[in-house]
2 protein chains.
Amino acid sequence: MSELRRRLAEVADLESTSILLAWDQEIVMPVTGGEWRAQQRATLERLSHQRFVDDEIGELLEAAEPETELDADLLRITRRDYDKARRVPADLVEELAHAGATGHEAWVLARDASDFAMFEPHLRRNIELRRRYIDCFPEVARPYDALLDDYEPGMLTADVEDVLGRLRDGLVPLVGDGDGDADALVTGGPFPTDAQRRFVETVLHQVGVDERWRLDVAKHPFAAAVSLGDVRLTTRYAEDDLDSLFSTLHEFGHGLYEANIDPALARSPLGGGVSSAVHESQSRMWENMVGRSPGFWRWAFPHLRSAFPERFGTSSWQDVHRALNVIRPTLIRVSADEVTYGLHIVLRFELELALFEGDLDVADLPEAWRERTRQYLGLEIPDDAHGVLQDVHWSEGLFGYFPTYALGNVFAGQLWARLNGELPDLDEAFARGEFASLATWLSENVHRYGRRLLPNEIIERAAGAPLDPEPYLDYVRAKLAHQPG
Amino acid sequence: MSELRRRLAEVADLESTSILLAWDQEIVMPVTGGEWRAQQRATLERLSHQRFVDDEIGELLEAAEPETELDADLLRITRRDYDKARRVPADLVEELAHAGATGHEAWVLARDASDFAMFEPHLRRNIELRRRYIDCFPEVARPYDALLDDYEPGMLTADVEDVLGRLRDGLVPLVGDGDGDADALVTGGPFPTDAQRRFVETVLHQVGVDERWRLDVAKHPFAAAVSLGDVRLTTRYAEDDLDSLFSTLHEFGHGLYEANIDPALARSPLGGGVSSAVHESQSRMWENMVGRSPGFWRWAFPHLRSAFPERFGTSSWQDVHRALNVIRPTLIRVSADEVTYGLHIVLRFELELALFEGDLDVADLPEAWRERTRQYLGLEIPDDAHGVLQDVHWSEGLFGYFPTYALGNVFAGQLWARLNGELPDLDEAFARGEFASLATWLSENVHRYGRRLLPNEIIERAAGAPLDPEPYLDYVRAKLAHQPG
C-alpha cells in the first residue's frame, strides 16, 4: 500500500497546486501573466492525469492488500477513478478541452449579441464530443448515466428523473406573482463596500472562520481549498444590494466541507468533497437555511444596523428577515429565489436529457426553453440572453452538471430536517450567535468522510433515508406559509 | 528538437509553479497551510528534477540536430545542466536537503543564543555532505570549483581568488572611522508606512514598473518572476528608516532582469537569469548606483519631501543625497555600506575556501572570523551573533554563494563604467526622471540573453573586458572623494 499511497499523494499535490494556480490567476496575478499561466495549468493538469493513469498505478492497485478499513475504501474508490480515467483516450480528452474553450469564447460573443445561432454550431460540437465520451462507457444503462457519474458518482438518471420530477410537481403550484416591493428594504443601496466588508467579516468570524481561512474579492465568487490548513473564500461587493453576505455564506459552506475532511484522507483521492450535489447541499444550507433564518437575523441584525445605520435605523430584524425571503419568479437562474430556483434547474435537466436521449434537436432548444419557462414559471422570455444563452455550462461541454444544483437543495432539505430533529432549538442557538453545533453535526455526519463513501451512501447514512424531495418541499412550503401578502 | 523542447517546457512550467508556491507561502498563505505547502513544494521539485534527468531527455539531447543558433545555445547549456544533474545521486540530493533544513533550524536557535557550539556539529555535517557532492565532479581542478559552478557556471576559483584579492587590497585602505551622524537626516524616523509606500510606488512607476508587476510586503524581501508577464517584488517598511526604498530598488533590479529576457527563451532552460553574480549586479546597480546617485535625488527629492514634509521641509536634495551615502564600517553584512560590503564578502569567501581547501577547522571559525574582521574593518566582535552566526547561508549548506555578492558589485562596476561611456549625461537624465535609456541598455546588453551565454561571456560582451575589480574600485573611490568630513 505504501508505494501506492506515495504515488497517489504526488497526484494529490499536483491537483492542489492546480487549485492554487487557478485561485492566484483570479485573485492575484497581473492579467499580463495569462498566457503563461494557461501553460502552467495545462502542464500541471496533464502531468497529474498522466501520473494517475500510469500502468504502474494499475499494477499497484491490482496487487494492493488492504490492512485497514480506510485502505479498503481507498482501493474501492481509487480503482473506480482509475478505471474511468483509463477508458477515455487522451486525444478525446484534449478535443473535449479544446472544444470547451472554443465554445466558451463563442458563447460570450453570442450572449452579448443575444443570438443563439452564433452559438449553435459550438453547442452541436460539444454534444457530439460528449456522445463519443459516453461511448467510452458501453455498460451504462442510459447514455446520460455516463455524464451524471462525473459529478455524482454512482447516481442513476432514472433516480434523478424521479426525484426532480417530484420536485417540479411540488414546486410549480407554489409559484405565485411575487411580493411586489417587499424587498425594497434590502435593495437599491447604497450599501458602501467597506461597511459590507466589515459586516461580512463579522458574520464569517461568528460562523467559524479562523486563521486557516482567507477572504478575497473575485468577479465570480468561488471557494478554493488549497489544503486542510489553507481555505480561501472569495466574494463580490455591489453597492446596491447585500448579496455579498449570501455569496460569502455560500462559499463558506463549500469551504467548511473541505476544511473538515478527516486529515487521514489528505493527499489521497479520498481527500475532497464527494460530489457536486453534496457540495451544493452545504453551500445552499449556509446561504439559505442559515442565512435567511429568523434566528440568524435575530443575532445578525444589530451588526447590520451598526454597519448601515441610516438604512436600518428604524427597522427591526423581522423587517430584514422578511425582505430577504421574498419569493418572486424571475428569468435568470442565478438570481432566483429558493422556490423557483429548483424549476430553473428542472428545465435545464429535462432539456439536456432530451438532447442526449430524446428527440430534441439543438436548433429547437430556444423554443423548448421558452415553452418550459412559460409552463413552470409563468414568464415570457424577451430574448436568447435571458433564456437559453444565460448559463455558461453547456458552452464548456458541462452536461450532467445542472441537476446537481437541485439535488443539492434536495439533500440540504433532508439533512436540515434530520439535524433539526437531533439538534432541537437550533434557531434559538443561531439567535445567540451559536453556529458551532450545526458545523459539528455537518462535520461528523457529512464532511469528515470526504470521498470514502459514494454520495448516495453519505446521504442515506446522514439523512437516514434515500434521496427524497419531500423534506425540501416541506421547508419551502413552510417558508411560503410565513410570507407576507 | 520539438519533442525535446516540449519536455523542457514541462520542466520549466514545474519550476515556475514552484516559484509561485514559494511566493504564495510568504505573502498570502495562512501559516496553518505550512505543513501541506512543504509537501506540495517537495513534490513539484522532485518531479521537475525527475522529469529533467529522465533517460529520454538524454537520448533526445544526444540525437538533437540544431537548426538555429538558438537551438545550438539551448543544446549547449541544457547538455551542461543535464550532465551536472545526472552526476549527483538522488540519495545525496535528499541528504543535502535534509541536512540543510535541520541546519537551518539549529542555526536559528544558535544565533538566538549567540552560541556557535550549538551550531558547530550541523555545520560539520553540511561540509561533509558538500565534500561528497564535490566528489561527484572528479574532473574539477580545485574542489571549490564544483561549489562555485552551481552559482556561477564556468567560473573558476583561481579567477575569483584573484579578483576578490584585488578588491580586498583596494578596499581595505579606504575604510575610515565613519562620518559620525551625517546620516541623522534619514534615520531615526518616524517615517509613516503609508507615506513610504506612496513614495516607493512613485519611484517604481518612474523606473518602469507597469501592469506586469506587483509589490507586496514580506519579512525578508525578494523578487519572484512567475512568468514574463508576472513579476512580483516584495519590500519591507520600517518606521525608523528609508531602507524600504533601497530594498525595493534592489528587488526591482532582479525583477527587471527576469522581465526583459527574450520571450523566445521562455519555458526553456535558457529562460532565467544566468547567475547569482550577474543577478546581483543588476539589483545592486539599481539600489546603489542609481538609487544613491545625485541625479536620482534631484528627481526624487520633491516626492520625498511631499511624502514627509515635516522631516524634509527645510532640507535640500544634496542633504538627502549626502545622508544616504555615508560610509561607516559595521559588524553586520546586510547593513553594510558600498565600501565595506565587499570586505564582509571577501572574509566569508576566504574562510569557506579555507574550510574546503585549506586547513581551517570548523572549531576555529569564530576566531578566524574575529581576526579578519579586525584586519579588514578594524572592528571588534562582541559575540557570535554579531560574527560567525550572522548569516543563514552555511546553515543551509550554501557554500560558493557568498563570493557572488562581491562579484555582483564588480560586474556592476564594469557595466556602469561602460554604459556611462555609451550613454553620456545619464545622471542628467535621472534628474529629469528618465530611466528608460538605462533600462534599455541593460536589456539589450545583459537581460535579453537569459542563459544563452555563460556569465563570463555575458560580462565580456557587455563590459568589453573580462572580470576586473578596478572600475568598481574607481566608482567607490570617487564616492569617497565626495564624502563630507
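Biologist: Before any contacts are listed, what does contact mean here?

Modeller: The structure is a predicted model. Contact is judged on heavy atoms. The cut-off for a contact is within 4.5 Å.

Biologist: Which residues does Thr78(B) touch, not counting residues up to four places away in sequence?

Modeller: Thr78(B) sits in helix α4 of chain B, residues 69-87. Buried means under 20% relative accessible area, so Thr78(B), at 1%, counts as buried. Leaving out residues up to four places away in sequence, Thr78(B) touches Leu8(B), Phe52(B), Leu61(B) and Pro269(B).

Biologist: Which residue has its backbone oxygen 2.6 Å from a polar atom of the side chain of Thr78(B)?

Modeller: Thr78(B) belongs to helix α4 of chain B. A polar atom of its side chain lies 2.6 Å from the backbone oxygen of Leu74(B).

Biologist: Is Gln414(B) buried or exposed?

Modeller: Gln414(B) is placed in helix α17 of chain B, residues 402-422. Not counting residues up to four places away in sequence, Gln414(B) touches Ile459(B), Ala463(B), Ala465(B), Pro466(B), Leu467(B), Asp468(B) and Pro471(B). The relative accessible area of Gln414(B) is 4%, and the limit is under 20%, so Gln414(B) is buried.

Biologist: How far apart in space are Ala9(A) and Ser268(A), C-alpha to C-alpha?

Modeller: Ala9(A) is part of helix α1 of chain A. With 8% relative accessibility, Ala9(A) counts as buried. In sequence, Ala9(A) and Ser268(A) are 259 residues apart, but in space their C-alpha atoms are separated by 5.3 Å.

Biologist: How much area do chain A and chain B bury between them?

Modeller: The contact involves 37 residues of chain A and 37 residues of chain B. Of the area buried, 59% is on carbon and sulfur atoms. The area that chain A and chain B bury between them is about 3100 Å².

Biologist: Which residues in chain A lose the most area to chain B?

Modeller: Three residues of chain A together account for 17% of what that side buries. Those that lose the most area to chain B are Pro30(A), Trp36(A) and Gln40(A).

Biologist: How many salt bridges are there between chain A and chain B?

Modeller: One of the side-chain pairs is Arg46(A) with Glu10(B), at 4.0 Å from N to O. Between chain A and chain B the count is six salt bridges.

Biologist: Which elements of chain A each supply at least two residues of the side that touches chain B?

Modeller: Across this interface, 18 residue pairs are in polar contact. Each of these elements of chain A supplies at least two residues of the side touching chain B: α1 (2-27), α2 (34-53), β1 (213-217), β2 (223-227) and β3 (230-235).

Biologist: How do the residues of the side of chain A that touches chain B divide?

Modeller: The division is into nonpolar, polar and charged residues. The numbers are 14 nonpolar, ten polar and 13 charged.

Biologist: What kind of aromatic pair do Phe252(B) and Trp286(B) form?

Modeller: Over all chains the count comes to 50 aromatic pairs. In this pair the centres are 5.0 Å apart, and with 85° between the planes, over the limit of 60, the pair is therefore edge-to-face.

Biologist: Which helices of chain B does the pair of Phe252(B) and Trp286(B) link?

Modeller: Phe252(B) is buried at 0% relative accessible area, and Trp286(B) is also buried at 0%. The two residues are 34 residues apart, and the helices are α10 (residues 243-259) for Phe252(B) and α11 (residues 276-290) for Trp286(B).

Key: Residues are numbered from 1 along each chain as its sequence is written. Chains are lettered from A and ligands numbered from 1 in the order in which they are written. This is a predicted model: local features need pLDDT of at least 70, side-chain atom pairs count only at pLDDT 80 or more; totals for chains, interfaces and linings use all residues. Side-chain values use heavy atoms; hydrogens and water are left out. Buried area is the accessible area (1.4 Å probe) that two parts lose on being put together, summed over both. A polar contact is a pair of N or O atoms within 3.5 Å; within protein, one must be able to donate a hydrogen and the other to accept it, and residues adjacent in sequence count only if both atoms are side-chain atoms. Helices (H or I, at least four residues) and strands (E, at least two) are DSSP runs, numbered from the N terminus. Ala, Val, Leu, Ile, Met, Phe, Trp, Tyr, Cys and Pro count as nonpolar, Asp, Glu, Lys and Arg as charged, and the others, Gly among them, as polar. Rings of Phe, Tyr and Trp (its six-membered ring) pair if their centres lie within 6.5 Å; planes under 30 degrees apart count as stacked, over 60 as edge-to-face and the rest as tilted. Buried means under 20% relative accessible area, exposed over 50%, partly exposed in between (1.4 Å probe, protein chains only).
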